[in-house]
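Dear colleague,

I am handing over the structure we spoke about, and below it you will find notes on what came out of looking through it. Please read them alongside the coordinates.

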Amino acid sequence: MAFITNKPIQHQLGIASSGGNASPTITLDGVQYQLHIFTGTGNWTVTTAGYADIFLVAGGGACGSRSPGGAGAGGVVWQRSRYCAAQTYTFTIGAGGASGSGGGNYAANHGDDSVFAVNGGSTIFTAKGGGQGTHSNPAERTGGCAGGDSQNSTGVASATQRSQAGDSGVYGHGCHGGLAGEDNRSSAGGGGAGHAGDDGTDFCSAGDGGDGLNMSKIFGQDYGEAGWFAGGGGGGTGNDGGTAHHGGKGGKGGGGNGKGSAEGTSNLVGESGTTNTGGGAGGGAGGGGGGTHIAGASGGSGIAIVRYQLSHI
C-alpha cells in the first residue's frame, strides 16, 4: 500500500522522550503529535514509557557504470503504536550506496542498513539497504528494495525486506525491480517501498522507478519528498548512435531519474537518490567503448522518524 492512513491507534498517552536532529510538533486533523527526526545516527531517550509510531528507512542503492537498471530504494520498517520502555534507544541511519566508477563495466554499492536498537543492547528491527542498479549480475541488485533489470542480465532480483526475521519483516515494506525490454536498450526501474519498478519497453524507453510510501498524513510534507519516502530509481538506456532513448522517471520518495540519450549522444550520468529519503539512484545513458562508460549515481541516505500523540482527539 503506497498511501498510509493517519487514523490514530495510540493505546495510551503519557510517553515522554528526547533526542533526534530535530524534534518538532505537528498538528494533523486536530491532533497534536511530537516528532523526533533522525537524519543521522543518534540516541532517543524515553523517560516515561508509552506507545510511539516508529518509521525507519535504509539507504538507497547506487548505480554502476554504463546503462544500468535503476537502483532499489532502501527498505522500510513502519510500526504503529509500539510500546517503548523507559530507556535509551539508538537509531543507526544507513548511508546511500556509493556510485560505481567510470571506465569499464563496474558495479556500485548497496545502500547501508538502518537499525533501531536498545542502546548497547539488542536490535529491535532493521531496514535493509537498497539493491544496486547494475549492467549485469542480478545478485548485486538484491536488497531491501531490489534494483531493476538491465540488458545482458538474467531477470528480476529479490527484494528482501519482507523476508527478514521478526518485526523487521512483519512491518517491512520493499518491492522488486522491473524487467528490461527485449530491444537490449531499455533497462527497468528499481523497486520502491510501495510499488515494484516498471519494465523497460521495446521502444527504447526505460522503466520508471517504483513509488515509495506516502507518509504525508502521518508526518506532514516537510520531510522526505513532500512526505514520500523510499522511491526506486528510474532505469537507464543504451545508445545505438542513431535513435533517441528515454530514461525512466524516479519513483516518488526520492528516486533519481534515469537518463536517456538523444540522437548521437551518450554517456549521461543518472540522478542520485535524494538525501534522507532512502531513494534509489537513476541509471545512466551508456555508450562508447568499454573504457569510456560513464560512472554511476549514488543512493539517498535513510532516515528515522518517531511520532507520538500529545493531545486527545
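Strands β3 and β13 run antiparallel and are joined by 6 bridges, where strands are DSSP E runs of at least two residues, numbered from the N terminus, and two strands count as paired if DSSP finds at least two bridges between them. Within this pair, Ile37 stands opposite Ile305 in β13. The model is a predicted one, in which local features need pLDDT of at least 70 and side-chain atom pairs count only at pLDDT 80 or more, while totals for chains, interfaces and linings use all residues. Residues are numbered from 1 along each chain as its sequence is written, and side-chain values use heavy atoms, with hydrogens and water left out.

The two strands belong to an open, antiparallel sheet of 6 strands in the order β2-β3-β13-β5-β6-β10, whose edge strands, β2 and β10 (172-173), each pair on one side only. On the β2 side, β2 (residues 25-28) and β3 (residues 31-38) are antiparallel over 4 bridges, with Ile26 opposite Tyr33.

Gly296 lies in the loop between β12 (228-229) and β13 (303-309), and is buried at a relative accessible area of 13%. Its C-alpha atom is 4.7 Å from that of Ser65, 231 residues apart along the chain.

Best regards

Methods: Buried means under 20% relative accessible area, exposed over 50%, partly exposed in between (1.4 Å probe, protein chains only).
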